[in-house]
Amino acid sequence: MAAAAAGLSWRRVSSSTGPVPRSRHGHRAVAIRELVIIFGGGNEGIADELHVYNTATNQWFLPAVRGDIPPGCAAHGFVCDGTRILVFGGMVEYGRYSNDLYELQASRWLWKKVKPQAPSTGSPPCPRLGHSFSLYGNKCYLFGGLANESEDSNNNVPRYLNDFYELELQHGSGVVGWSIPMTKGILPSPRESHTAIVYCRKDLGSPKMYIFGGMCGSRLNDLWELDIETMTWSRPETKGTVPLPRSLHTANVIGNKMYVFGGWVPQSAGGEISAHDGEWKCTGSFSYLNLDTTEWIGLISDCQEDKSNLLPGPRAGHCAVAVGTRLYIWSGRDGYRKAWNNQVCCKDLWYLDTEKPPAPSQVQLIRATTNSFQVKWDEVPTVEGYLLQLHADLPLPSAAGVPGAAVPETSVLSSQGGSSLHQSPQPLPSVPYPEMKVDHPSQTNNVIPNNVQVSLSSNSLLKVEGKDKVAAPENKNTQETLKNHADATGFRESNAPSLLPVCTSSPQTSANVGELHDLDKRSVNPDASVSSTVSSTQTMVTQQAVKTESSSTNGAVVKDETSLTTFNSKSEAAETAHIAPSTRVNPGQTNDSHSSKTPQRQMKARDRQWYDVGIFKNSTAVVSQFYLLPEETLNCSSKTGSANVPDYRLLKKQDLFPGTVYRFRVAAINGCGVGPFSKISEFKTCIPGFPGAPSTVKITKSVDCIHLSWEPPASPSGNILEYSAYLAIRSTQLQENPSQLVFMRIYCGLKTSCIVTAAQLSNAHVDYTSRPAIVFRISAKNERGYGPATQVRWLQGKVGVRLS
């Protein structure tokens with residue numbers, strides 16, 4: 001038991017900002033994406049505020065709620081369905097319980113009291129507290145709780161319940177009504193302050209509800225199962241050591257495990273409780289039930305007291321909520337001070353990463369120069385950092401002081417190691433990594449934003465409606481495709497591979513009140529407008545914004561490496577902070593448009609090693625160097641099967657070379673270690689002398705056309721002679737090879753703007769590699785020729801588009 005607890009990386013959250021709620025017990029919490037929403041509970045009065053904690057920014061805030069605001073309550077039902085939250089019952093004052101139902105639309109912070117229909121047979125649920133309220137599909141399941149038999153709230157006569165109700169929800173908002181399902185088997189015994197979760201095995205697909213523990217004069221530790229499809233109750237047989245009888249504990253499902261934490265447990269193992277408070281206590285014990293095998297595994301025992309502040313202290317009536325694979329625990333009461341005969345509530349917030357993080361998205365290119373890349377990837381929720389690695393297509397110099405030394409395949413954090421880069425909520429382990437200057441790319445470096453948002457002159461969005469034939473070109477310029485656009489950079493658009501999908505990072509919900517205004521729209525339509533930075537100015541865009549995504553091609557090649565390599569998915573999934581397998585290249589696939597790939601096929605394995613670029617707190621990085629490791633580190637790693645955490649300050653850095661292809665992969669890091677790496681992306685640095693890519697692309701809609709504008713390259717390398725703008729069009733060539741976009745030139749001139757007509761847009765190809773989008777490319781020409789193009793994906797709705 002102690003060994004298992006030692007492996008847990010509980011972190012206490014410190015330095016949070018915003019109005020921290022007062023400590024309490026009997027409150028409830030749910031998660032909407034990165035937000036933890038807390039309601040109710042009591043401590044010197046019942047709380048009626050709604051508090052929100054943003055796990056991504058470590059901020060608390062109080063939303064400005066409106067509508068039918070419910071009174072404060074404790075030990076109530078609290079479930080989340082998308083972006084709406086339902087509250088049922090609970091104690092509103094001592095001895096007075098509720099059976100009211102409220103709905104909160106979190107996208108607008110709007111409360112509404114709802115009145116479900118009564119069941120066709122029987123009465124609706126009576127007022128109660130300590131019941132369970134669970135959601136599956138479009139139905140909530142209510143079980144048990146505690147009612148007051150006395151009509152006088154001051155005369156509290158407890159009655160334990162085991163009634164079972166089903167509440168049908170309407171889609172989006174509102175409810176249909178209560179029903180009393182006909183069930184088979186024996187109902188669980190009456191109880192309150194138990195837990196209920198719903199779990200559905202992937203292979204079997206039959207949803208089950210599990211009820212554990214609770215209070216019925218004495219505390220319970222029985223486990224009950226309800227098959228929701230057949231409405232059959234049963235008592236599953238379990239293996240392992242069953243946790244002590246308890247109430248006011250929490251249970252949360254992450255993966256295939258039900259994690260049970262805390263609660264009131266008997267002082268003696270017998271489970272019988274007398275009226276004396278000395279015979280029961282709060283606990284900090286922590287276990288999980290494997291829901292596939294029904295085996296209990298103990299992680300923290302009752303005898304492991306929190307004397308070192310490394311584990312959450314004993315508590316009951318706390319809240320626990322899962323955000324991704326991370327479990328958060330907040331507040332609760334830790335018992336009675338006998339001398340004062342009053343409750344003591346905890347004030348702390350803790351989290352535990354239960355699994356290694358999943359692989360991030362592929363690395364995406366924002367901008368390339370002759371000796372650097374600016375790259376990004378989609379954020380992974382609840383991680384502490386990212387390990388970025390690369391390898392190059394050319395032999396690299398030996399590590400400093402070790403002539404001819406081979407280089408390791410990877411130099412990743414060990415699962416016990418970490419970095420001092422992280423300040424919130426908890427740092428990575430204390431290895432002295434250098435200060436990385438790439439966490440926040442400067443807003444003034446003309447980097448194209450990931451998601452360029454542009455204001456519309458009308459409320460309508462551009463829509464595309466496909467036609468079978470391409471309209472006749474208006475002149476030779478509109479006919480000209482990128483076949484004729486080739487120069488010393490090797491950028492041939494007619495046969496250039498399509499760009500990687502440019503995925504938008506998950507929106508960062510601000511801690512400001514009301515910033516969740518279109519949350520439910522975003523959950524239904526991923527293309528809904530999100531505020532973003534345009535160029536170097538902080539421009540907040542309305543919901544009527546034209547939605548685009550931007551990235552720069554690098555003047556030669558931007559590839560999805562998955563077409564070139566074959567991965568062993570088991571090896572990838574099993575990767576930890578130890579040695580990673582080298583990339584397996586399939587020599588039979590040679591759909592390359594550049595000659596630099598040929599020698600790479602014949603390179604020795606030692607020349608295709610992965611090198612650390614560094615550990616980054618955010619999902620963007622400017623890459624101009626990477627780290628080399630000495631031979632002894634490689635030998636040590638290969639012998640032991642794990643690498644010591646490198647001290648980057650002691651390692652030699654290698655600069656990037658111009659005109660060179662580099663492959664990238666990234667892995668996320670949390671308290672459990674380094675997760676699997678992403679799929680591989682491939683980019684090439686620019687060749688000197690050619691202009692950089694145009695930046696700050698904007699699209700503005702007019703009545704019968706759109707206006708496309710941009711800013712000159714940050715590095716023109718001489719005088720700009722002209723710009724060319726291209727539109728991806730439908731063609732038979734595209735039908736034969738969907739990955740090869742075909743472009744038509746729609747503008748050539750010195751101006752940094754052009755008009756795209758409705759006729760031109762009627763020929764547009766809608767690209768579905770990421771989200772549906774119309775694709776533009778813009779490039780600049782100097783004395784040496786055309787440089788890299790800036791690609792803009794103009795996001796469309798779910799259907800194709802027509803200019804109205």
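Visitor: How do the residues lining the second largest pocket divide into nonpolar, polar and charged?
Guide: The lining has 22 nonpolar, 16 polar and two charged residues. Here Ala, Val, Leu, Ile, Met, Phe, Trp, Tyr, Cys and Pro count as nonpolar, Asp, Glu, Lys and Arg as charged, and the others, Gly among them, as polar. This is a predicted model: local features need pLDDT of at least 70, side-chain atom pairs need 80 or more, and totals for chains, interfaces and linings use all residues. Numbering runs from 1 along each chain as its sequence is written, and side-chain values use heavy atoms, without hydrogens and water.

Visitor: What volume does the second largest pocket have?
Guide: About 1,100 Å³. That is the space filled by probe spheres set on grid points joined across faces, edges and corners. A pocket is an open set of points on a 1 Å grid over the protein atoms alone where a 1.4 Å probe fits, with protein on both sides within 12 Å along at least five of seven lines; lining residues have an atom within 4 Å of a point.

Visitor: Which residues lie nearest its centre?
Guide: Ala29, Phe78, Ala196, Ala251 and Asn252, out of 40 lining residues.

Visitor: Which strand gives the largest share of the lining?
Guide: Strand 15, with six residues. Strands are DSSP runs of E, at least two residues, numbered from the N terminus.

Visitor: New topic. What is the strand order in the open sheet of four?
Guide: The order is 2-3-4-5, paired antiparallel. Pairing takes at least two DSSP bridges between two strands. Strand 2 and strand 5 stand at the edges with a single partner each, so one side of each has no neighbour in the sheet.

Visitor: How many bridges join strand 4 and strand 5?
Guide: Three. Val52 has Phe61 in strand 5 as its bridge partner.
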